[in-house]
Amino acid sequence: MAVAQEDARPEGRSSSPFWTIARRDSLTGFLFIAPQLIGIVVFVLIPLGLVFWYSLHEWNVLANTFTYTGAQNYRMLMEDESLLEVLGATAIFSAGLVIFNLSLALLLAVLLNQKLAGIAIFRTLFFSPVVVSLVAWTIVWSFLLQKNGGINGMLLTFGIEGPNWLREETTAMISVIVVQVFKNVGLNMILFLAALQGVPKELYEAARIDGAPAFKQFRRITLPLISPTILLTSIITIVGSLQVFAQIAVLTQGGPGLSTTVLVYYLYQQAFQFHFFGYGSTLSILLFAIVAILTFAQWQMRKRIVFYES
Amino acid sequence: MPYQRTLKSTACALAILGSLALGGTAQAQDAVNLRMTIWSANEAHLKLFNEIAAGFKKDHPNVSVTYESLPFETYTTALTTQIAGGNAPDMAWIFETSAYDFVKSGALYPLTDTLKAAEGYNLEDVGTGATERWTEDGKLYAYPFSTSPFAVFVNNDLVKAAGAKTPAEMIAAGEWTWDNAIETAAAVAKSGKGGLVVRDFNYQAWQYLTSVWNGWGASPWSEDGKTCTMADKPMADALTFIHDAVFTKKAIPGPGETVDFFAGNAAMTITQISRASLLPKEKPFSWDLVPLPKGSAGEYALIGQAGIGVMQSGKNAETAAEFVAYMTNPENSAKLSQFFPSARKSLLNADILKKTNPLLSQEQIEKVVISGIATGKVMPGHTGFAQIQQMVRSNLDAVWRPEADVPATLQRICGQIGPLLKR
């Protein structure tokens with residue numbers, strides 16, 4: 001065949017044509033993914049590189065000065081007394097959000113995974129906050145959580161005097177977590193619902209014949225079989241929890257004290273309010289490192305905790 | 001031969017294209033579009049600004065001015081983000097609190113020469129007290145177009161219904177003090193409505209409490225801005241008084257409580273007189289405007305300022321400065337003063353102010369506006385204000401609790417902001 005091709009070449013051309021089938025195929029492939037690739041390069045990779053470059057500089061926007069300072073911003077990071085408190089608040093927020101979000105989503109999914117009349121209405125109801133504008137959702141909650149707001153008004157009808165939700169350190173953190181969970185729990189719920197419906201019914205039948213009680217069926221059959229979805233939702237939720245901004249900006253502005261100042265909000269303050277763009281960039285490198293490490297760790301853990309049927 | 005002909009015709013075409021392009025460039029250079037960022041989106045304000053821009057266009061037909069309204073709460077952040085993104089406006093309004101940052105950084109174009117050169121401008125008419133914060137090394141970097149005194153708006157209907165004395169009665173009796181003001185507010189609060197609201201403070205923007213603590217002679221830092229004075233006795237006394245008014249007397253709505261004076265829900269509010277436009281037209285209540293009450297340090301006044309600056313980085317800084325000179329000349333300043341009281345001495349008389357502030361009585365104008373502008377101190381400001389503001393705010397949260405230890409918190413604040421003040 002190769003010989004035949006060789007013979008078929010026009011006279012005077014000794015080398016093989018540049019556009020071989022393989023090259024043409026890969027060009028077509030690249031052209032197909034080009035829009036996405038260009039997007040990633042322009043909106044992810046270049047900004048990422050720039051942020052690292054900015055983190056090595058002191059950038060005074062007003063004075064229009066951009067001075068190379070080497071590792072000074074990173075030294076500042078090590079010496080920043082507020083940063084520990086901020087990282088603590090971020091950890092509490094993320095842990096609280098992930099635990100509350102995933103357990104509530106799973107509970108709702110199990111409850112809604114029944115063949116009952118009108119169950120679709122409840123599914124829609126729990127999913128609907130996902131499509132509501134985040135800021136609108138948070139502003140409504142900020143009214144409800146006022147001292148003389150809707151929630152305390154409701155509690156008062158039961159004779160309970162509610163706390164000043166957004167002004168006490170503990171209740172402020174609980175409030176931002178709950179507002180965020182109610183906003184997004186529907187998404188994880190739908191993913192869990194899909195996973196639950198993918199669990200083969202024969203396994204439950206066999207377990208019932210063996211006399212396994214419902215809880216054991218859940219622990220031994222349901223959980224292992226939906227574990228890939230648990231991994232997926234936990235990665236999405238943790239990464240999402242580290243990026244929370246609008247809720248904090250609208251509800252607490254990081255207060256009281258620094259109790260709800262999470263890393264992204266702190267970064268925003270440093271860069272956009274205090275005009276320390278260099279230090280803000282350093283903080284975003286820290287955030288990037290934290291997200292990367294956590295995602296990598298979860299991905300590694302999948303081998304131990306995730307059960308793949310195939 | 002054909003080759004040479006082609007070469008010639010190409011050169012000719014290029015020459016024609018080049019001259020056209022250059023002509024185009026020249027025309028584009030002539031047309032100047034200036035952009036000013038502002039924090040008002042008020043229709044009446046914008047109408048006036050556009051009229052002023054149209055007036056400027058008469059003498060400068062190639063210059064157009066557009067106004068970009070940015071939200072009040074995040075104004076400075078949005079402005080600096082535009083600057084960081086290489087999209088700085090030609091002109092910008094600047095808050096008095098961030099004046100030092102802008103003036104000292106070199107971000108602004110010096111205005112003195114342009115203003116002095118403008119025909120009939122008379123820069124000397126503007127009080128030096130008003131320009132102090134906007135001046136560096138003898139040069140004016142932003143023009144203080146708004147010098148608005150803080151005063152107390154009173155809902156006399158609510159005060160009378162609570163059986164308390166109205167501020168006007170107290171002023172007549174020489175009893176208009178902070179103690180009595182809080183008594184009246186507490187009496188109204190007992191009746192179920194709000195007492196006294198320090199507008200815009202909201203337990204976050206503590207600088208608005210200056211309207212109260214100046215009555216004790218308190219200040220967050222020394223005159224030169226280098227030393228923290230928050231832990232000094234006047235500030236401790238003033239904040240203890242405010243704390244007591246909030247948590248013991250319930251005369252000031254507490255943290256997390258929202259009460260709107262202009263909706264008729266509070267006895268009194270401290271705010272700038274320009275907010276008179278918020279008074280309700282439907283279901284109006286009987287209102288009054290009085291000066292700030294006397295504190296332990298005697299009578300005092302406070303003014304809020306706003307400046308217009310020209311961005312040094314703009315391509316048309318010189319033209320922009322000329323527009324600022326036109327916008328703030330005596331004639332336009334008189335027009336602007338219906339919303340933004342002018343710092344021009346010639347405009348500080350009751351007759352002119354009455355024409356531009358029809359809602360206010362002659363007495364209110366004399367006692368509140370004229371005397372306020374003449375004697376008032378400006379709200380505190382500092383280089384790096386946003387960072388200092390945030391540090392103080394996060395610590396002051398500890399004061400806004402019933403069981404707070406005010407002096408200890410103030411000590412802690414000074415410990416933290418001390419190094420920032422010295423920078």
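The buried residues of helix α9 of chain B are covered by elements that include α7 (156–161), α8 (167–172), β7, α11 (233–247) and β8 (266–272) of chain B. Here a residue is buried if 20 or more other C-beta atoms lie within 10 Å of its own, exposed if 12 or fewer, and partly exposed in between, with C-beta atoms placed from the backbone. Helices (H or I, at least four residues) and strands (E, at least two) are DSSP runs, numbered from the N terminus. This is a predicted model, in which local features need pLDDT of at least 70 and side-chain atom pairs count only at pLDDT 80 or more, while totals for chains, interfaces and linings use all residues. Residues are numbered from 1 along each chain as its sequence is written, and chains are lettered from A and ligands numbered from 1 in the order in which they are written.

**Helix α9 of chain B**
- The buried set of α9(B) is Trp178(B), Ala181(B), Ile182(B), Thr184(B), Ala185(B), Ala186(B), Ala187(B), Val188(B) and Ala189(B).
- After α9(B) comes Gly192(B), with a positive phi near 105°.

**Chain B as a whole**
- Chain B has 17 helices and 11 strands, and its C-alpha trace spans about 105 × 50 × 35 Å along its principal axes.
- Of the 423 residues in chain B, 43% are buried.
- Among the chain B contacts with a separation of 6 or more, 76% join residues 24 or more positions apart; two residues are in contact if their C-beta atoms, placed from the backbone, lie within 7 Å.

**Nonpolar cores**
- The largest nonpolar core has 92 residues, and those with the most contacts inside it are Val262(A), Met91(B), Leu108(B), Leu111(B), Ala142(B), Val310(B) and Val324(B).
- Such a core is a set of buried Ala, Val, Leu, Ile, Met, Phe, Trp, Tyr and Cys residues joined through C-beta atoms within 7 Å.
- Another core, of 69 residues, lies apart from it and has Ala185(B), Trp216(B), Leu239(B) and Phe241(B) among its members.

**Where the chains meet**
- Across the interface, 22 residues of chain A are in contact with 24 residues of chain B.
- Helix α12 (residues 263–273) of chain A gives the most to the chain A side, with three residues.
- That side divides into nine nonpolar, 11 polar and two charged residues; Ala, Val, Leu, Ile, Met, Phe, Trp, Tyr, Cys and Pro count as nonpolar, Asp, Glu, Lys and Arg as charged, and the others, Gly among them, as polar.
- Helix α16 (residues 385–396) of chain B is mostly covered, with nine of its 12 residues buried.
- The buried residues of α16(B) pack against α12 of chain A together with α4 (99–105) and α17 (406–422) of chain B.

**A helix pair in chain A**
- The axes of α10 (residues 214–242) and α13 (residues 277–305) of chain A come within 10 Å and cross at roughly 170°; axes are lines fitted to C-alpha atoms, for helices over the stretch in contact, and angles run from 0 to 180 degrees between N-to-C directions.
- α10(A) and α13(A) are therefore roughly antiparallel to each other, where angles under 35 degrees count as roughly parallel, over 145 as roughly antiparallel, 65 to 115 as roughly perpendicular and the rest as oblique.
- By class, the contact of α10(A) with α13(A) has 10 nonpolar, four polar and one charged residues.
- The 29 residues of α13(A) should span 42 Å at 1.5 Å a residue, and its end C-alpha atoms are 41 Å apart, which agrees.
- What covers the buried residues of α13(A) includes α2 (21–54), β1 (57–60), α3 (72–79) and α12 of chain A together with α3 (75–84) of chain B.

**Backbone spots to check out**
- Most residues other than glycine have a negative phi, and most peptide bonds are trans.
- The peptide bond from Gly255(A) to Pro256(A) is cis, with omega near -5°, and Pro256(A) sits in the loop between α11 (246–251) and α12 of chain A.
- Asp137(B) has a positive phi near 50° and is exposed, with 7 other C-beta atoms within 10 Å.
- Asn202(B), also not a glycine, has a positive phi of about 55°, and counts as partly exposed with 15 C-beta neighbours inside 10 Å.

Notes. Expected span 1.5 Å × (residues − 1).
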